[in-house]
Amino acid sequence: MLIDSYAYTNRMYNVHPVEKLLFAFLTMILCFEFDAYTNIAVIILVFVITVFKAKIPAKVYIKLMLIPFSFLIISIITLIINVIGNKSAALISFNILGVTLGITAQGINTAVILFFRTLAIVSCLYFLVLTTPVVDIINILKKLKIPSLFLELLQLIYRFIFVLTQAANEIYISQDSRLGYATLKNGYRSLGLLISSLFIKSYKNSEDLYVALEARGYNGEIKVLSKDYKFCYKNIIFIVLIELILISASMLLRR
């Protein structure tokens, strides 16, 4: 819900969604070809634009960037430590149950590239989500002739994420106030009740939503009002220049 509120209140809200979508997706695509240093530059660039231009609080942005760290660390460990056949090629090697594991320079290099590439791509996605309402993104996808069924599902799922999160939080607070998580046994029991209650509540909410849509003349297509935006050619030129600078920097670092 906090992310959605920033999407409507940030300083880049009036910038055309196509411009923001163009910048985010072009940069994400190029991140797959960039080296670690250029991806670090992308992370810094997106941070500066999001925090100083869009005025998203730095603490909020950093907390969001910390979310994928747990997944990244697991991925990096599996890339750094590999099964090796030649101990001389490993920087560090050890045996576990007769299997030789080791850390190689190539594994470290691959892990570093993957780490910064993932953070760069995630930062681009956060920039888009924090500065552009989902309604505007869906309207752009609709103009690109994306199937309406997919867009409606996307819109409804996005909406229900916040509804279910709020419902789960309310149930958890209610259980916790009654010492539902005082012991491990009570905790598992309360968690099971929370999941079952959440499933019943989500089913009822979906039924209520469908009835509300039918009462408002739903004919298979969800129609929402879209805001009129104006293209800014300065922004498009800026995006092209940024992408060209990043490509040039990546090519120079590879030489």
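**Helices, a pocket and ring pairs in a predicted model**

Residues 21–49 are 86% helix and 0% strand, and their end C-alpha atoms lie 14 Å apart. Helices here are DSSP runs of H or I with at least four residues, strands are E runs of at least two, and both are numbered from the N terminus.

Some ground rules. This is a predicted model, where local features need pLDDT of at least 70, side-chain atom pairs count only at pLDDT 80 or more, and totals for chains, interfaces and linings use all residues. Residues are numbered from 1 along each chain as its sequence is written, and side-chain values use heavy atoms, with hydrogens and water left out.

Back to that span. UniProt, in an unreviewed entry, lists residues 21–49 under "transmembrane region", along with 61–81, 88–108, 114–137 and 236–253. UniProt positions follow the numbering used here, feature names are shortened, and annotations may be inferred rather than shown by experiment. Take residues 236–253: the chain there is 100% helix and 0% strand, with end C-alpha atoms 26 Å apart.

Next, the second largest pocket. Its volume is about 310 Å³. A pocket is found on a 1 Å grid over the protein atoms alone: it is an open set of points, with protein on both sides within 12 Å along at least five of seven lines, and lining residues have an atom within 4 Å of a point. Points are joined across faces, edges and corners, and the volume is the space filled by probe spheres set on them; the probe is 1.4 Å.

What lines the second largest pocket? There are 14 residues, and Leu-125, Leu-128, Val-129, Ile-137 and Tyr-158 lie nearest the centre. By class, the lining has 14 nonpolar residues, no polar and no charged. Nonpolar covers Ala, Val, Leu, Ile, Met, Phe, Trp, Tyr, Cys and Pro; charged covers Asp, Glu, Lys and Arg; the others, Gly among them, are polar.

Helices H2 (17–31), H6 (105–131), H7 (134–143) and H8 (148–177) each give at least two lining residues. H8 gives the largest share, five. Domain 1 (1–132 + 230–254) and domain 2 (139–216) each contribute at least three. Those domain bounds come from an automatic or database assignment.

Now the rings. The structure holds eight aromatic pairs. One is Phe-23 with Phe-127, edge-to-face, 5.3 Å centre to centre and 80° between the planes. This pair links distant parts of the chain: Phe-23 sits in H2, Phe-127 in H6, 104 residues apart. Rings of Phe, Tyr and Trp (its six-membered ring) pair if their centres lie within 6.5 Å; planes under 30 degrees apart are stacked, over 60 edge-to-face, the rest tilted.

Buried means under 20% relative accessible area, exposed over 50%, partly exposed in between (1.4 Å probe, protein chains only).

Tyr-172 and Tyr-181 form a tilted pair, 4.9 Å centre to centre and 45° between the planes. Tyr-172 is partly exposed at 36%, and Tyr-181 is partly exposed at 24%.

Last, two loop residues. Lys-55 has a positive phi of about 65°, although it is not a glycine. Lys-55 sits in the loop between H3 (36–53) and H4 (58–66), and is partly exposed at 48%. Leu-179 also has a positive phi, near 60°. Leu-179 lies in the loop between H8 and H9 (184–215), and is exposed at 60%.
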